Amino acid sequence: MISPQRVIELPGGARVLFTERSDGNLSRVAGTDADGGAAARERLREQIGVAALARGYQVHGTVVRIVSEPPTSAAPRPGGEQADGQATSLYGVGVMVLAADCLPVALAGEDGVAMIHAGWRGLAAGVLEEGVRSLRRLIGAGPIHAVLGPCACACCYEVGEEVHGAFAGAHRNGRMLDMRAIARDRLLAASVADVREVQACTICDPRFFSHRREGARAGRQAGVAWLS
């Protein structure tokens with residue numbers, strides 16, 4: 001059961017949750033117990049009290065889809081609609097991304113929410129900025145609030161020169177990259193009012209799935225946002 005203390009409340013009626021390993025593998029295709037992914041999603045939907053969950057087939061891109069009607073399924077298949085973020089102003093619809101070291105980012109404003117999947121490629125290409133633009137189309141000029149979820153953090157996230165080069169060496173400590181700090185900088189530059197952080201590294205915190213730590217056995221946790 002998801003404790004109410006884990007649900008983050010944001011201005012404008014938004015709620016945000018980042019699931020943990022104990023909530024199950026939310027993927028239907030990746031990691032151990034993927035055959036239980038559909039059931040895990042249904043439990044999540046029931047526990048947060050929404051009618052439907054919306055997500056896209058994630059490809060480390062910059063597409064953020066505006067959800068204008070309740071989805072019939074939260075289980076896109078390869079070859080389906082590609083999107084690394086979802087935004088909506090619908091009540092009763094949770095927007096969701098899956099991750100296992102990538103950074104899930106929640107955005108919220110008055111009567112609108114978005115959830116973004118930001119791996120290093122998407123982060124470098126501008127997926128967070130696209131998320132802000134998509135949410136702006138729904139809420140207008142009001143303030144936007146952000147929450148950064150659990151991800152591979154600067155303590156453990158060792159990357160090569162290609163990755164450091166994509167960010168022009170920003171927030172580099174030797175071979176380590178602080179993806180969370182880069183995300184914060186980009187969100188504030190995009191005029192997000194404030195950025196909160198869930199302080200957890202998926203690589204070294206066993207509460208979370210981690211592709212770096214577990215390889216193909218790693219399941220996926222979810223970031224989900226909804227209006228309440």
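Asp111 lies in the loop that links strand S7 (103–109) and S8. The model is predicted.

- Strand S5 spans residues 85–88 and is covered on both faces.
- Gly85 and Ala87 are buried on one side, and Gln86 and Thr88 are buried on the other.
- In a regular strand, side chains alternate between the two faces of the sheet.
- Strand S4 (residues 64–67) pairs with S5 in the parallel sense, over four bridges.
- Within S4, the residue opposite Gln86 of S5 is Arg65.
- Strand S8 (residues 112–118) pairs with S5 in the antiparallel sense, also over four bridges.
- Here Thr88 stands opposite Val113 of S8.

**Helix H5**
- Helix H5 covers residues 179–189.
- Its buried residues are Met179, Arg180, Ala181, Ile182, Ala183 and Leu187.
- Ser191 follows H5 and has a positive phi, near 70°.

**Positive phi in loops**
- Most residues other than glycine have a negative phi.
- His60 is not a glycine, yet its phi is positive, near 60°.
- His60 sits in the loop between strand S3 (52–54) and S4.
- With a relative accessible area of 37%, His60 is partly exposed.
- Asp111 is not a glycine either, and its phi is positive at about 65°.
- Asp111 counts as partly exposed because its relative accessibility is 32%, between the cut-offs of 20% and 50%.

Terms used: Residues numbered from 1 in each chain as written. Predicted model: local features only at pLDDT ≥ 70, side-chain atom pairs only at ≥ 80, totals over all residues. Heavy atoms only, no water. Buried < 20%, exposed > 50% of the residue type's maximum accessible area, 1.4 Å probe, protein only. Helix = DSSP H or I, 4+ residues; strand = E, 2+ residues; numbered from the N terminus. Pairing = 2+ DSSP bridges.
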